[in-house]
Amino acid sequence: MEPVFDFKGRDVINGYDFTNQELCHIMDTAMIYEKRVKSGEAIKDLEGMLVATLFFEPSTRTRLSFNSAIQRVGASTIDLGNASVSSQAKGETWQDTLRTVDGYVDAIVMRHPEAGSAIEAADIAVHPLINGGDGSRQHPTQALLDIYTIRKETGHLGGQTITFLGDLKYGRTVHSLGYFMQQFGNKMIFASPEELKMPEEITKELRDKGAEIEETTDVKDALSRSDIVYVTRVQRERFPDQASYEAVKGSYILDNELLSYAKKGITIMHPLPRVDEIAVEVDSYEGAAYFRQAHNGMYLRMALLGLVTGRI
């Protein structure tokens, strides 16, 4: 008997709140939506529903893909816009903004720079809340679209070796994705400057759960043994000062010369935006999946919206 999944009313705060079966159901739902969109169907699954997008820090891909997903499933959206010209500028707390908006809508997507804000927001909101990123902590919808991309690009998910390359300290995308890689039995190689290592508490928690993890500064060796490399930019906005950022920016740059050391057929991923950590010359490589990865975000977020509202 096929398992029955009920996501209605569920918050999406941490990716690791889902079982492997639930994750596969989310990805299967995203695949169905991808086929429906590409067939030209006018989808009306969430017709009559209203979804709020509350972004208290800058975003391009997450914000636009959520707004696209909302409209693609037939819902309408209200957008906070620039927080600096909202009631935040008058001194209103984000919590009160959330309480107000919650009374207008059927679901909420929120991004906030404060780590842990998504948990607090979910406690406040009556309607389902989807975490669009909370500080350097978690970015579950990015991790979900990442595993969807891995499954599409490689044909399966599990038993692979993935190198996380770059800023692993502040990169919330790799923090979330690491838990999925552990769940599906993927080996992880963490390659970063010492100053940007994966936080010890995350590495410890992953190892306690049984993850196979290796930490290294030898990028060439890591790439030679990896099926997937997940590149992250050094995020200037997360550093306490400019000097700290300047000391590590450009530590690792994936260009064709470095790619020549990689395992044949390696898949290259990146949450974007990139600065200089992947050379433009790499874009023509067949396994360069990062723009396809970004496009997958819309289908995955369509699936989440349909599931948490109970419309599918």
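Modeller: In this predicted model, strand 5 (residues 161-165) and strand 8 (residues 228-231) run parallel and are joined by four bridges. Within this pair, I162 stands opposite I228 of strand 8. Strands of a sheet pair through backbone hydrogen bonds, in either a parallel or an antiparallel manner.

The pair belongs to an open sheet of five strands, ordered 7-6-5-8-9, with parallel pairing. Strand 7 (213-216) and strand 9 (267-269) are the edge strands, each pairing on one side only. From one strand to the next, the twist averages 20 degrees. Helix 7 packs on this sheet, where it touches strand 6 (187-191) and strand 7. The direction of helix 7 makes about 150 degrees with that of strand 7.

Helix 7 (residues 200-208) also meets helix 6 (residues 172-183): their axes come within 10 Å and cross at roughly 10 degrees. Angles under 35 degrees count as roughly parallel, and helix 6 and helix 7 are therefore roughly parallel to each other. On the helix 6 side the contact is made by H175, G178, Y179 and Q182, and on the helix 7 side by I202, E205 and L206. By class, this contact has three nonpolar, three polar and one charged residues.

A cis peptide bond joins L272 and P273, with omega of about 5 degrees. L272, found in that loop too, has a positive phi of about 60 degrees although it is not a glycine. Most residues other than glycine have a negative phi, and most peptide bonds are trans. L272 counts as buried because its relative accessibility is 13%, and the cut-off for buried is under 20%.

T53 has its place in strand 1 (residues 50-55) and is buried, with a relative accessible area of 0%. The side chains of T53 and D79 are joined by a polar contact of 2.9 Å. Leaving aside neighbours within four places in sequence, T53 is in contact with N67, I70, T77, I78, D79, L80 and V109.

Key: Residues are numbered from 1 along each chain as its sequence is written. This is a predicted model: local features need pLDDT of at least 70, side-chain atom pairs count only at pLDDT 80 or more; totals for chains, interfaces and linings use all residues. Side-chain values use heavy atoms; hydrogens and water are left out. Axes are lines fitted to C-alpha atoms, for helices over the stretch in contact, and angles run from 0 to 180 degrees between N-to-C directions. Helices (H or I, at least four residues) and strands (E, at least two) are DSSP runs, numbered from the N terminus. Angles under 35 degrees count as roughly parallel, over 145 as roughly antiparallel, 65 to 115 as roughly perpendicular and the rest as oblique. Contact means heavy atoms within 4.5 Å. Ala, Val, Leu, Ile, Met, Phe, Trp, Tyr, Cys and Pro count as nonpolar, Asp, Glu, Lys and Arg as charged, and the others, Gly among them, as polar. Buried means under 20% relative accessible area, exposed over 50%, partly exposed in between (1.4 Å probe, protein chains only). A polar contact is a pair of N or O atoms within 3.5 Å; within protein, one must be able to donate a hydrogen and the other to accept it, and residues adjacent in sequence count only if both atoms are side-chain atoms. Two strands pair if DSSP finds at least two bridges between them.
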